[in-house]
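Dear colleague,

I am handing over a structure that will be new to you, and I would be glad if you could look through it with the notes that follow.

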Protein chains: 2
Amino acid sequence: MSTTDFSEMFSEDTRNFFRSPVRDIFKRVDLNKIYSFAGGYPSADTFPLDSFGEIMQRVLEREGASAFQYGATQGVTKLREAISRRYGVSVANVQITSSSQQGIDVCTRILIDPGDVILSFNPTYLGALQSFKSYRADVVGVSAKNNTEDFEQEWRKTIEKCMADGKRIKFLYAVADFQNPSGETISLEQRKMLVKLAAEYDFIIVEDAPYRELRYEGCDIATLYSLAPDRVVHLGSFSKIMAPGFRLGWIIANEQILDRIYVCKQSLDLCPPVFDQFVAEEFLSSGALDANLKKSVELYRSKRDLMIKTLKEEMPEKVTWTHPEGGLFLFLTLPEGFDSVKFYDKSLDAGVAYVAGQFFHTDGIGGKNTMRLNFSFMSHERIVEGIKLLGKLLNEVL
Amino acid sequence: MSTTDFSEMFSEDTRNFFRSPVRDIFKRVDLNKIYSFAGGYPSADTFPLDSFGEIMQRVLEREGASAFQYGATQGVTKLREAISRRYGVSVANVQITSSSQQGIDVCTRILIDPGDVILSFNPTYLGALQSFKSYRADVVGVSAKNNTEDFEQEWRKTIEKCMADGKRIKFLYAVADFQNPSGETISLEQRKMLVKLAAEYDFIIVEDAPYRELRYEGCDIATLYSLAPDRVVHLGSFSKIMAPGFRLGWIIANEQILDRIYVCKQSLDLCPPVFDQFVAEEFLSSGALDANLKKSVELYRSKRDLMIKTLKEEMPEKVTWTHPEGGLFLFLTLPEGFDSVKFYDKSLDAGVAYVAGQFFHTDGIGGKNTMRLNFSFMSHERIVEGIKLLGKLLNEVL
């Protein structure tokens, strides 16, 4: 152990760092020994190991040493081209990232000075809040529950309040499809409203879309990016459509913003992992990605349905939940007064992990009576067993 | 192209971003068509493709799906253990990074507030300067040429001046072995002096050691870390002992500092690439790394010797160069008045790339009459041809 104390040496930023409670759960327990509804882990059954092995061999033979040399900071050209074709954008608008978490981080880095406002749906993705707060942004949340005509009213009121307080709004952060943690989706009308507000009040929208292609019912809704390509930075991820272990994502944005991100990325890590990018390109271009995605969607749909069915059977009457059209999560609301952070130790001792809703709240205190449940990671059988156990524990206290 | 201008939206940090001139050279030209002494690229001949292929198959079979799932933020345990054994440190003191550039970046992030001082040998690694300046550090350089007894005097004077100016020195950055760009090595006496000064004036040392195991003559010198494990953060890299395309490095440091880095890394990119970490572990633990390193050292020694021999034959009399005991670079000094930035376009037009020494200077203006030459990347034949051509061009102007 260190005998020297450096606590006075750390930067101001670090005083705003906070640990992910999700990751700390994983440090405490063996994921395979408990019922884990906690993480955002894809099912290991969706990783096509044979296909990965064949593709790696092909990449080795075809690319040779160039797959192991330093690569371009923007990412491997072939992969940028493949993404450009898949999503109908110009190659010049595509930057590869070393994970979509890095996408969130670099956007925050290039845009935020301490005190600048980031508007966010509330609750929202914990990893985004970690990054935002580490840059000392003022994260202003708007309740995501508001699904009515006064959606515009609510956002406009929040924006006007920020401006009256003399604050600078830099961007709005949105997981438009199957939000984390609520699982809810922003409607087309609401998306149009958001880009209108962005233009009117001159801010950027960062659209985080890791779950977009995991849709189990209903129809695709236009991305925020497609509604305002000049003003929206779109973040994509290979973690949920391929595998998270590759740590690859992408950014689609206008060239002015990408140029700043390029220079930022030079000093962050020079370039994304090169061999992995060639593997992702081959996985995508060969059609293996779409074939695999189809199977993943079917698997996750059946898991979602099974979880909802089991919740209906096992949960106390006062508990409600969202019905997500896609993604990896649903969100439970328990009676007022219930404290899911307090309840967590009891639950984990009994063998069930979840993430308390409070951790996703921009103010760090709201949503005490909520919890996020993941339905992608565990097997059908263990989903049923885990929900039964959670239901039993909740029935004892509610 | 964007029609909206966001230039007023960017953070203060971005005003201090600067592009790497090295990477911009690579954007302009095809590396295989010119004589490139510019980058810090290893030779592609040192990438054991067959071995990588076999190891990947073994990892696929042995680790299965877990090689593609999210991993621990600190890195895969097996790889941390392998590094811990190799370098004789505790596993708790090892953090895996997504490139050693990321190691530089996170150290700067957790330690530097705008205006804080980073002490540095001058000239120094450009990628470190990029990161330091992006956090608005005050980088104070000390000439690396000073190899005499007044080494201590020089550093002490610099430190005292910073303190008299009321500045806070956070850390000293040093590439102790085969410095980039000079190729020179800091002696044991000088290392002892540096850690003494660090303790006396209470600052940290960040020891960047990407080339340490590429030694072609002489004996290993104790790392700064081994002289003061509490106060030194040691950065390692797989880029030069395995291949840069994996983007993997490591940090060895005390637990208090690693804990901040852990939380920082959660918001940066969650975890390093997982499959790649298992491949690096197997490459290291199977002995393939050491066998390959031995071959790389022989190859690079012969290239260094050939370059020095050719320089002697081809350079104008007034040109001198360093004799590095290891690493990838040697450093040329041309007569006063020569401007290697100005000369660069002429040189590139003729087909020879180098990096002007000025770019490595902490003040961005010193070292006009210097240039860095890489001897690892090109074949023996092309090294001779390239130096002949550069000699011819220099003879025309000197």
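**Aromatic rings and a helix pair**

B:F375 is buried, its relative accessible area being 0%, where buried means under 20% relative accessible area, exposed over 50% and partly exposed in between, with a 1.4 Å probe and protein chains only. Please bear in mind that this is a predicted model, in which local features need pLDDT of at least 70 and side-chain atom pairs count only at pLDDT 80 or more, while totals for chains, interfaces and linings use all residues. Residues are numbered from 1 along each chain as its sequence is written, chains are lettered from A and ligands numbered from 1 in the order in which they are written, and side-chain values use heavy atoms, leaving out hydrogens and water.

Over all chains, a search of the whole structure finds 36 aromatic pairs, a pair being rings of Phe, Tyr and Trp (its six-membered ring) whose centres lie within 6.5 Å, with planes under 30 degrees apart counted as stacked, over 60 as edge-to-face and the rest as tilted. A:F68 and B:F246 form a tilted pair, at 5.3 Å centre to centre and with 45° between the planes. This pair crosses between chains, from the loop between α2 (49-63) and α3 (77-87) of chain A, which holds A:F68, to the loop between β7 (232-237) and β8 (249-252) of chain B, which holds B:F246; the helices (H or I, at least four residues) and strands (E, at least two) are DSSP runs numbered from the N terminus. A:F68 is buried, at a relative accessible area of 0%, and B:F246 is also buried, at 0%.

B:F375 forms an edge-to-face pair with B:Y216, at 6.3 Å centre to centre and 70° between the planes. The two residues are 159 residues apart, so the pair links distant parts of the chain. B:Y216 counts as buried at 4% relative accessibility.

Ring pairs also link A:F52, A:F246, A:F283, B:F68 and B:F275 into a cluster.

Turning to the helices, the axes of α4 (residues 100-111) and α5 (residues 126-134) of chain A come within 9 Å and cross at roughly 30°, the axes being lines fitted to C-alpha atoms, for helices over the stretch in contact, with angles from 0 to 180 degrees between N-to-C directions. That angle makes α4(A) roughly parallel to α5(A), since angles under 35 degrees count as roughly parallel, over 145 as roughly antiparallel, 65 to 115 as roughly perpendicular and the rest as oblique.

With kind regards
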